[in-house]
Amino acid sequence: MGNEQTELLQGTLDMLILKSLALGEMHGLGISRRIEQITRGTFQVKPGSLFPALHRMEEQGWLKASWGESENGRRARYYQLTRTGRKRLGSETERWSRISLAIERALEA
Amino acid sequence: MWLKNAVKNWMGRRRAEAELDEEVRGYVEMAAEEKVRNGADARGARREAILEAGGVEQVKEQAREVRAGHFLETLWQDIRYGARMLRKAPGFTAVAVLTLALGIGANTSIFSMVDWLMLRPLPVKDAGQLTYLVAQLKSGGYENGFSFPNYDDIRNQSTSVFSNVAGVQPFQMDGLNADGKTMQIWTNYVTGNFFEMLGIKPALGRFILPSEGKVAGADPVLVLSYSYWQAHFDEDPNVIGRKVAVNGQPVTIIGIAPKGFQGALAILDTQGYLPVSMAGTTLAAKSDVLTNRQDEIGMILIGRLKPGENLLAAQPVLRVIAKRLSSQYPTIDKWSSMEARKLTAAPPSAGNSQPLPVIAGLFLFLAGMVLLLACVNVANLLLVRAGVRGREMAVRAALGAGRGRLMRQLFTESILLALLGCAGGIALGIGGSRALNSLNLGTAIPVRLDFNFNWRVFSYAFAAALLTGIVVGFVPAIRASLGNLNEVLHEAGRTATGRRQRMSSTLVVAQVAGSLMLLIVAGLFVRSLRNVQHTNLGFDPSHVLNISMDPHEAGYDSAKGARFLHDLAERVRTLPGVRSASIAATVPMGLETYGADLKIVGYEPPKDQGSIFAGENGVSPEYFETMNIPLVEGRGFLDSDEANAPHVAIINETMAKKYWRGKDTLGRQFTIVDDPAHPVQIVGVVKDSVTGSISETIGPYFYLPFTQKYIAPATLQVRTKAAPESMASGILGIIREIEPAMPTFDVQTMTKALDTINGLMLYRLGASLAALLGCLGLLLAIVGVYGVLSYAASQRTHEIGIRVALGAQRGQILKMIFRQGLLIVGVGLGVGILAALGISKMIGTLLVGIGGADPLTYAVVSTFLAIVALAACWIPARRAMKVDPMVALRYE
């Protein structure tokens, strides 16, 4: 897997994960597919970036993990947002829209 | 937070590990199922899912890396793994650890010596702020002995940078009389503020006060050192207030200095302290020491820098003071400048070039070279192992270890090796220091050698070990990181030999060069020692016994002292087995040498010298017989040359040549500047002989009859028929019989005296240390050359087999391997000679009779090393020659 893509995702990956978990708990593959879906395939998150990010965010207290059963009856680790995680999503979203607005303006100027 | 997580992760690491595995595997399985649902076949889907994920183990490792405490956890893994690898290769580990222990041990021993000499602070308050003053003379030299008025002026004028300045008249040997017996005591005469300036507290009683020591003859008080109090007064607290006598003058013991305090000039163990005001009373010094600016008592001035001030700030202030005083007293203080130097345990030196830092630097450098050679050897061993472990590394990489992780693993192993070496090295170093500590300096001066290990030495050893670990691990780690995983896993083992070989060869070149340099330096020192040993002494040291004593210490004045010594010699002469007995003020290799400025009618000294100077000695008539110094012309001294008779002298040949061109010397006169009332007539000329330390060049020298020039302490010299040691107790008995309170010191044969600190000892010590380091270097170089060539030859077995099969002659094979060794050794020798020439510039002043580029030493040492190194090449080359092509080709 390319390191280049990881670097591209740096910063945005956290936000995308938080966003995809906003609707409810999900396991790793689910999150990956969800991000693909909401970005219409622009971002494909490989497990080599996904799991380190999930574990890091869990240690930071943004996510909480628990074992559950997947749709096919397989044991899987489900992640859900904590209160801090939700707050973080808010601030990240705000920051991101500020940046994207600024860049949009810059490109239009 | 981080710590909490780290601890939590550490505690639950087994479960977390299982969960991580299940999670990542689950992910891959689900991805595969997804693919099957989309129509792929089951086996293909799983493979594809794994590939897309980038490998299960790799993902797991990436996820682990973000965990808190991951670094510590993997470090622990690395250490355990490293320890296991070292245990599995005990031969390699033993050789590597021993090699490093030798290197680190040599460094630690030498550093403990340097630490003692230069780094260890005095046990006083803020020792870092203490400095001593050195005046630069207009004539170019330096001096650090000041008069009491100098002390007053300098102290009063330097208050902007010094919070206090105290004076110490360094070393006096006095006699302390208590309970009817006299003991020798080495004293400092100090200004009243000495102890206040140092900021220490007495162990008992009180110290000399700043208000004391200002009026000549006043304040007859004595402070004893702790160890002297222990040794001579059994730690009796009642000594405080006790009346004793120093050199016959009554004084009162007022205090005991704290334990471990050896004085401000700590290389010498000061045993007692008196106020400088007593110098005129207890010493034979003139009574006006406190007011006489001219007659210097040679006080060393110690200045305490104000808090926040540094040496640099003090220099301009002192320069101004020197200028001011020299214009105020132009005939006395002939100074052009003055400077402050840091006071360490090393004796204050007045010289411009300070030899200690040079010597210390040199030996640290040599020891560093040995360590470097050891490092190179171990690095080479590790390189060989890296070749063997190439597959292991590749497998670990395949199992998800990143490049950084692999390098770290290798560094962990090399540092582990180095730390083991460090432990061994410290053990060796302690042994080495013990050996140095037990040196017998062979003089009566209480020098305390104390190369004990302290935190500075331990940190030095530890730092050396860490550095060693990094240096040693560097090459293999770089190589491991360059390795191509695929290549290694597929090839059978003959991998990247070329690159490895080049690295090893470069390392061995460095090794040969370094060891040659060490050997050349050792060779230069050994040659110097031999030159000193073969110095023509000019006297015959065999069968001579010396016994020194100072009648002042028994309270004798000059007249009484002279009579005592005369009578003593007379009585010793009557003993059976004595050929002759004589008295001399100073003996070769002794504690003191004397000299005087002279006036000689008809001789103008060259402009740059300014005065006529010659060494002097006071001797009894039998001296030349005892020492076996032949008379060239004229007569010896006679009993008729008494104190009241006209003063006469016997001079050495150098003096006759220098001041009278060696012609018609007899009957000529000269005047001693300090004693103009007694012009001296030359009655005899003797052969040149060594008079002071063994390395001094023989200069102009004159002898006066002991009756006309009484100097104490003096030495009774006895030439015996049998072994001189056997006479000692009998003669000491006679001394006790005449005066029970007369202390004696330096009872030793002249042959023994030649081995003391003023004789050969320092040369012998320097030469042995250098030779030891040189031999270590040589050993390491041999191992290096042999190891690398053997390995190279064994790696080329296959190639050699083919060559032989294709018709190459045995001799050609031998030449091929040998040429490789020759090249390495040749380049190494070239580089080594250049390096040695560089170093020898630095040590030229320490050598005797040869220059730093002494061609003989270079030629002999290089040839020797070349022969040894080529012998080390020969064995692997011969082995390669004997390779059986069938065996070699079937191999692998």
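Reader: Which residue just after α2(B) takes a positive phi?
Author: This is a predicted model, and its helices (H or I, at least four residues) and strands (E, at least two) are DSSP runs, numbered from the N terminus. Just after α2(B) the phi is about 110 degrees, and the residue that takes this positive value is Gly39(B).

Reader: What pLDDT do local features need?
Author: Residues are numbered from 1 along each chain as its sequence is written, while chains are lettered from A and ligands numbered from 1 in the order in which they are written. In this predicted model, totals for chains, interfaces and linings use all residues, side-chain atom pairs count only at pLDDT 80 or more, and local features need a pLDDT of at least 70.

Reader: Thanks! What pLDDT does chain A average?
Author: The pLDDT is the predictor's confidence in each residue, from 0 to 100. In chain A, 91% of the residues score at least 70, and the average is 83.

Reader: Over which residues of chain A is the pLDDT below 50?
Author: Two residues are in contact if their C-beta atoms, placed from the backbone, lie within 7 Å. The stretch in question has 4 contacts in the model beyond near neighbours in sequence, and it covers residues 1-8.

Reader: Which pattern does chain A follow along the sequence?
Author: Chain A has 5 helices and 3 strands. Read along the sequence, they give the pattern α-α-β-α-α-β-β-α.

Reader: What is the bridge partner of Trp67(A) in β3(A)?
Author: Chain A holds an open, antiparallel sheet of 3 strands in the order β1-β3-β2, where strands pair if DSSP finds at least two bridges between them. Its edge strands are β1 (26-27) and β2 (63-69), each pairing on one side only. Between β2(A) and β3(A) there are 7 bridges, and the partner of Trp67(A) is Arg77(A).

Reader: Which element gives the most to the side of chain B that touches chain A?
Author: 20 residues of chain B are in contact with 17 residues of chain A. On the chain B side, the elements giving two or more residues are α2 (13-37) and α4 (56-65). The one that gives the most, with 9 residues, is α2(B).

Reader: How many residues on that side of chain B are charged?
Author: Ala, Val, Leu, Ile, Met, Phe, Trp, Tyr, Cys and Pro count as nonpolar, Asp, Glu, Lys and Arg as charged, and the others, Gly among them, as polar. The side of chain B that touches chain A divides into 9 nonpolar and 5 polar residues, and the charged ones number 6.

Reader: How far does α2(B) reach from its first C-alpha to its last?
Author: The expected span of a helix is 1.5 Å times one less than its number of residues. α2(B) has 25 residues, and its reach is close to what is expected, at 36 Å.

Reader: How far apart in space are Val317(B) and Val161(B), C-alpha to C-alpha?
Author: Val317(B) is found in helix α11 (residues 311-328) of chain B. With 18 C-beta neighbours inside 10 Å, Val317(B) counts as partly exposed. Val317(B) and Val161(B) are 156 residues apart in sequence, and their C-alpha distance is 7.7 Å.

Methods:
Buried ≥ 20, exposed ≤ 12 C-beta atoms within 10 Å, placed from the backbone.
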